[in-house]
Amino acid sequence: MLKADPQDKARLLDPIYALPGKRFWLAAAILLGIIGWGAIMYFRQLFYGLGETGMDRPVYWGIYMVNFVFLIGVSMSGTLISAALQLTRAEWRRPITRIAESLTVFGLLVASLQLLFDIGHPDRLANIIIYGRLQSPLLWDANSLTIYILTSIFALYLQLLPDIALLRDNLPANAQGWQKFLYTRLSLGWKGNLTQWKRLEKAINTVSVLIIPIGVSLHTITSWVFSTTLQPGWKSTILGPYFVVGAIFSGIGMLFMVMTLVSQVLHLEKYIEEKHYHLLGWLFIVMSALWFYFTYTENLTLAAEQESLEFPVLASKLWGDFALSFWGMVALMVIASFIMVVPKLLPSGIQKIFIFRPQFSAASAGTAAVLGAIILFPKLTPFQADLSFPKTTTLAWVLVGLLLLSAGLSISFWLKRHVAATSVIAGACVVFGMWLERWNIIIPTITQPRLIPYLNYQPTIVEISLTVSSLAVLGLLFLIFFKLFPAVSIWEVNEGRVIDSAQSRIEIPAPKPIQTRSLRARGYKR
Amino acid sequence: MPRWGMVIDLDKCVACQGCSVACRFENNTPAVNPGEAVKGRAIRWNDVFQIPVDPAENTGVYPNVTTRYISRPCMHCENPACIKVCPVQATYKDEEGLVRVNYQRCIGCRLCTVACPYGVRYFNWYAPQWEGSLAEHLNPDRIEGAGDLEGPSIRPKGVVEKCTFCLQRLKKAHAQADAEKRSFRADEYIPACVQTCPGKARFFGDLDNPSSSVSQLQKSERAFLLLEEAGTRPQVIYLREG
């Protein structure tokens with residue numbers, strides 16, 4: 001019999017034993033409603049054909065492909081958090097591994113759904129196995145995706161095993177029959193003896209080592225689907241690493257959102273602390289720096305060489321039809337990095353300066369909005385028209401930029417004190433920004449092939465419904481999973497507690513006199 | 001075994017689009033309604049279009065216009081970009097150098113349509129439909145076998161199709177030769193677009209035979225390949241104007 005720590009039992013096990021409450025059914029009903037609408041739309045598309053989407057010639061790939069690349073990117077979080085941090089023995093990972101790994105599995109499942117939406121004959125999917133062609137990047141992608149899904153489900157299950165046994169052994173007397181059945185079957189006879197623990201640790205370490213190259217390969221191969229074609233703008237050697245970096249970046253962003261939501265709903269504030277946001281925040285900052293580096297490199301080379309086929313693709317992003325999505329992406333990423341970096345740089349005494357207050361920030365942002373509106377919207381009075389010669393307009397734009405900067409600076413102290421809120425805002429910015437990035441990689445290139453006239457692309461109601469329903473599927477999977485299994489890995493947290501208490505007993509010996517002398521000789525005092 | 005190739009003399013081409021129409025009727029490509037055509041969903045295995053293709057590009061004011069027209073069948077490349085990317089081998093190259101598509105196997109992933117630099121591959125967004133009497137005059141030729149559906153056979157929705165150099169005509173010519181118990185000659189078969197061309201701008205034949213018209217013409221100093229820089233080595237050769 002395995003015993004759970006009483007506080008863990010109250011927080012994590014008891015809500016699982018309790019039957020689903022009103023909130024659960026309400027959330028499930030809403031999500032199922034959205035999914036039902038999506039199912040109707042999907043059958044419509046299946047029955048009539050892909051003509052129901054907004055795709056056209058030359059835009060043979062639309063929002064489904066964007067979603068696919070985006071979702072497999074989001075799923076990179078689990079690989080990184082649980083495998084990479086597990087291998088580097090980063091102790092703080094423990095309470096968030098479960099959420100990260102489930103995000104990987106569910107993200108991948110919903111991503112593979114996008115492929116089913118996208119292909120014209122989903123009934124012939126088995127042809128990839130029966131008649132597969134080795135040279136095709138899509139075959140590599142299908143293989144890599146399958147291996148990644150299986151490995152990540154396996155990794156999630158391995159990490160769950162001791163917790164399922166804990167659930168089995170602590171079942172209350174009035175537990176339902178299916179609960180007993182489920183946890184008994186799934187725990188595979190886990191007793192928690194030394195041999196089993198040793199084997200589990202070995203297995204987890206092996207899977208953690210394996211899953212990193214598998215994860216990296218999936219994102220790289222997905223980029224190869226694009227970069228192995230002849231299309232201008234995709235033929236890029238750095239697209240592989242760029243996708244991997246973007247994937248980790250959006251994965252952390254999504255993780256921020258999901259872990260906050262889960263901890264708010266399930267009241268896990270005791271487990272998921274500010275420290276986790278803080279440490280993940282550093283990873284986030286590193287990835288944002290890498291992302292800016294890759295984006296700059298990717299676009300600078302195109303801008304500098306001005307090749308006759310590739311430059312128009314870049315131009316359409318910079319000032320053409322895709323300017324809104326491109327600059328929107330840049331703005332979101334800048335905001336996300338700014339609110340993560342600047343609060344970390346501010347000294348804590350800065351609140352004494354009056355401008356570092358939210359009110360001041362709101363005032364600056366409001367002024368910037370009014371000024372921006374005056375520049376952008378039609379000139380109402382002759383006086384305004386008189387003022388709108390180029391130099392004034394430029395000056396006004398500079399002023400808008402400065403006001404926004406000051407708004408950002410003033411809000412920074414508030415952000416410094418609300419780490420979780422800051423992380424969620426930054427995460428949301430990055431998740432949406434990365435979706436736009438995938439859009440900016442796929443759509444501008446595909447609209448401008450060599451011998452087909454330019455045609456833009458507008459997703460239809462079918463595509464938008466299926467996208468929203470996919471997100472609803474993701475939500476439903478989380479809802480059901482965290483109703484059945486603990487959202488925090490209980491055994492890992494316990495292990496962490498044991499290590500902590502053991503470490504607190506270790507005494508760090510003072511340096512020996514001989515050592516102090518040698519330091520003093522080099523100019524160190526005391 | 002012949003290696004089929006086509007030569008299109010742009011000096012003789014008047015852009016009448018007769019080739020497009022002949023192709024449509026020979027190969028049962030469905031017509032689409034105007035709303036669909038605006039979305040570029042019209043299927044034209046042999047397309048006649050302006051060069052440069054971008055309507056925003058300045059092509060001059062009459063009479064000093066620089067617009068040219070080009071007629072474009074499938075290039076049946078020697079190194080096709082489409083075949084390499086097909087995950088199910090639904091598109092493949094046969095021993096006579098033709099790039100073929102098996103509609104029965106295609107999963108409709110559209111990677112080949114994206115990969116082809118010439119834009120010769122078309123996707124069936126909807127099931128094909130023919131209005132009125134058009135439906136009664138479909139080409140009855142079919143190329144169908146165990147797990148194979150090719151050529152002018154009616155395509156289901158959700159698959160990719162493209163110019164086959166009128167594969168059914170080649171099959172018929174082969175069958176004829178076999179029935180007459182003689183060997184097949186390369187001049188026994190031409191595609192519908194070549195047969196119909198009123199300006200006699202199109203030539204078709206065996207590129208491996210040094211005395212064929214296409215072999216002779218491809219040595220012309222006017223000869224050029226479309227998007228030669230793409231490295232696909234097309235087997236359709238153009239003769240420059242002037």
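Modeller: Helices (H or I, at least four residues) and strands (E, at least two) are DSSP runs, numbered from the N terminus. The model is predicted: local features need pLDDT of at least 70, side-chain atom pairs count only at pLDDT 80 or more, and totals for chains, interfaces and linings use all residues. Residues are numbered from 1 along each chain as its sequence is written, while chains are lettered from A and ligands numbered from 1 in the order in which they are written.

Colleague: In which loop is His267(A) found?

Modeller: His267(A) has a positive phi of about 55° although it is not a glycine. It counts as exposed because 11 C-beta neighbours lie inside 10 Å (buried means 20 or more other C-beta atoms within 10 Å of a residue's own, exposed 12 or fewer, and partly exposed in between, with C-beta atoms placed from the backbone). On the chain, His267(A) belongs to the loop between H10 and H11 of chain A.

Colleague: What is the hand of the crossing of H10(A) and H11(A)?

Modeller: The axes of H10 (residues 239-266) and H11 (residues 274-305) of chain A come within 9 Å and cross at roughly 145°, where axes are lines fitted to C-alpha atoms, for helices over the stretch in contact, and angles run from 0 to 180 degrees between N-to-C directions. A crossing is left-handed if the near helix is turned anticlockwise from the far one by less than a right angle, and right-handed if clockwise. By that rule, the crossing of H10(A) and H11(A) is left-handed.

Colleague: How many nonpolar residues are there in the contact of H10(A) with H11(A)?

Modeller: On the H10(A) side the residues include Phe249(A), Ile252(A) and Phe256(A), and those they meet in H11(A) include Leu283(A), Met287(A) and Trp291(A), contact being C-beta atoms, placed from the backbone, within 7 Å. Ala, Val, Leu, Ile, Met, Phe, Trp, Tyr, Cys and Pro count as nonpolar, Asp, Glu, Lys and Arg as charged, and the others, Gly among them, as polar. Two residues of this contact are polar and one is charged, and the number of nonpolar residues is 14.

Colleague: Is H3(A) roughly parallel or roughly antiparallel to H18(A)?

Modeller: The axes of H3 (residues 63-74) and H18 (residues 461-484) of chain A come within 10 Å and cross at roughly 20°. Angles under 35 degrees count as roughly parallel, over 145 as roughly antiparallel, 65 to 115 as roughly perpendicular and the rest as oblique. The crossing angle therefore makes H3(A), relative to H18(A), roughly parallel.

Colleague: Is Asn440(A) buried or exposed?

Modeller: Asn440(A) lies in helix H17 (residues 419-447) of chain A, and, leaving aside residues up to four places away in sequence, it touches Lys317(A), Phe322(A), Ser325(A), Phe326(A) and Met329(A). Because 24 other C-beta atoms lie within 10 Å, Asn440(A) is buried.

Colleague: Which helix gives the most to the side of chain A that touches chain B?

Modeller: In all, 37 residues of chain A are in contact with 35 residues of chain B. The chain A side divides into 22 nonpolar, 10 polar and five charged residues. The elements that give two or more residues to it are H6 (127-130) and H7 (137-169) of chain A, and the one that gives the most, with four residues, is H7(A).

Colleague: What is the radius of gyration of chain B?

Modeller: Chain B has seven helices and 12 strands, and its C-alpha trace spans about 55 × 45 × 40 Å along its principal axes. The globule rule (2.2 Å times the number of residues to the power 0.38, the radius being taken over C-alpha atoms) gives 18 Å for 242 residues; the value for chain B is close to this, so the chain is as compact as a globular protein of that length, with a radius of gyration of 18 Å.

Colleague: What is omega for the cis peptide bond that joins Tyr62(B) and Pro63(B)?

Modeller: Pro63(B) lies in the loop between E2 and E3 of chain B. Pro52(B) lies in the loop between E2 (47-51) and E3 (68-72), and the peptide bond from Ile51(B) to Pro52(B) is cis, with omega near 0°. For the cis bond that joins Tyr62(B) and Pro63(B), omega is about 5°.

Notes: Contact = placed C-beta atoms within 7 Å.
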